[in-house]
Amino acid sequence: MTKHPARAWDQATARTIIDSHRAEPGALLPIFHALQDTFGYVDREALPLIAEALNISRAEVHGVMSFYHDFREEPAGRTVIKICRAEACQAVGCQGLVDHVEARHGIALGETTADGAVTVEEVFCLGNCALGPSAMVDGKPLGRMTREKLDHLIAAARTGRQ
Ligand code: FES
């Protein structure tokens, strides 16, 4: 499975990334993507740097970032499981999967296990509607997701057997 970048946050690298995109039209989203690709998340310390580079307010930077579910404010777990909560998957029981993961494994949407092994997030349509409920594990789409499959995926992630 594709693993997430493990590079530790550092401000100098963040500044270089921000500078390399600042002249692009609509630079905010490319900057968020580039920071997340590099560090695995967008550190809070990046927000004032972005605001300064683009000459916009910190509130605006924060508002845009919170609007998009794709951007994380904290490092993700080693395995990221996204559960689709868009309409077609809602119709075939995705909420039951979300509830199960929280009740059985103690991981609510947006949370990471204390051992850093698994992050569970929501996503809105993976283009895999006919095979719903759909999920994505480390970038790989999986259809007909069940509680049992999720249990297996989470157990494998926590024991490092994938
Ligand atoms: S609604 Fe879930 S994959 Fe489209």
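**A walk through the predicted chain**

The accessible surface of the chain comes to about 8700 Å². Carbon and sulfur atoms account for 53% of that surface. The model is a predicted one. Its C-alpha atoms fill a box of roughly 50 × 35 × 25 Å along the principal axes. The chain has 162 residues, and 41% of them are buried.

Next, the order of elements. The chain has seven helices and five strands. Read from the N terminus, they run α-α-α-α-β-α-α-β-β-β-β-α.

Charge comes next. The chain carries 17 positive and 21 negative side chains. The centres of these two sets lie 7 Å apart.

Turn now to helix H3, residues 46–54. Which of its residues are buried? They are Ala46, Leu47, Leu49, Ile50, Ala51 and Ala53. An α-helix has 3.6 residues a turn, so residues three or four places apart point the same way. After H3 comes Asn55, with a positive phi near 60°.

In an unreviewed entry, UniProt lists Cys84, Cys89, Cys125 and Cys129 under "binding site". They are spread over 46 residues of sequence, yet they cluster in space, with a largest C-alpha distance of 9.1 Å.

Two of these cysteines can be followed in detail. Cys84 sits in strand S1, which spans residues 79–84. Is Cys84 buried or exposed? Its relative accessibility is 2%, so Cys84 counts as buried, the cut-off being under 20%. Leaving aside residues up to four places away in sequence, Cys84 touches Cys89, Cys94, Val123, Phe124, Cys125, Leu126 and Ser134. Cys89 and Cys125 in that set also belong to the UniProt listing.

Cys125 has another setting. Cys125 lies in the loop between strand S3 (118–123) and strand S4 (135–137). At 39% relative accessibility, Cys125 counts as partly exposed, because that class runs between the 20% and 50% limits. With residues up to four places away in sequence again left out, Cys125 touches Cys84 and Ala86.

Conventions
Residues numbered from 1 in each chain as written. Predicted model: local features only at pLDDT ≥ 70, side-chain atom pairs only at ≥ 80, totals over all residues. Heavy atoms only, no water. UniProt positions renumbered as here; feature names shortened; annotations may be inferred. Helix = DSSP H or I, 4+ residues; strand = E, 2+ residues; numbered from the N terminus. Buried < 20%, exposed > 50% of the residue type's maximum accessible area, 1.4 Å probe, protein only. Contact = heavy atoms within 4.5 Å. Areas by Shrake-Rupley, 256 points an atom, 1.4 Å probe, with all protein chains shown as cover. Lys, Arg positive; Asp, Glu negative; His and termini not counted. Charge placed at Lys NZ, Arg CZ, Asp CG, Glu CD.
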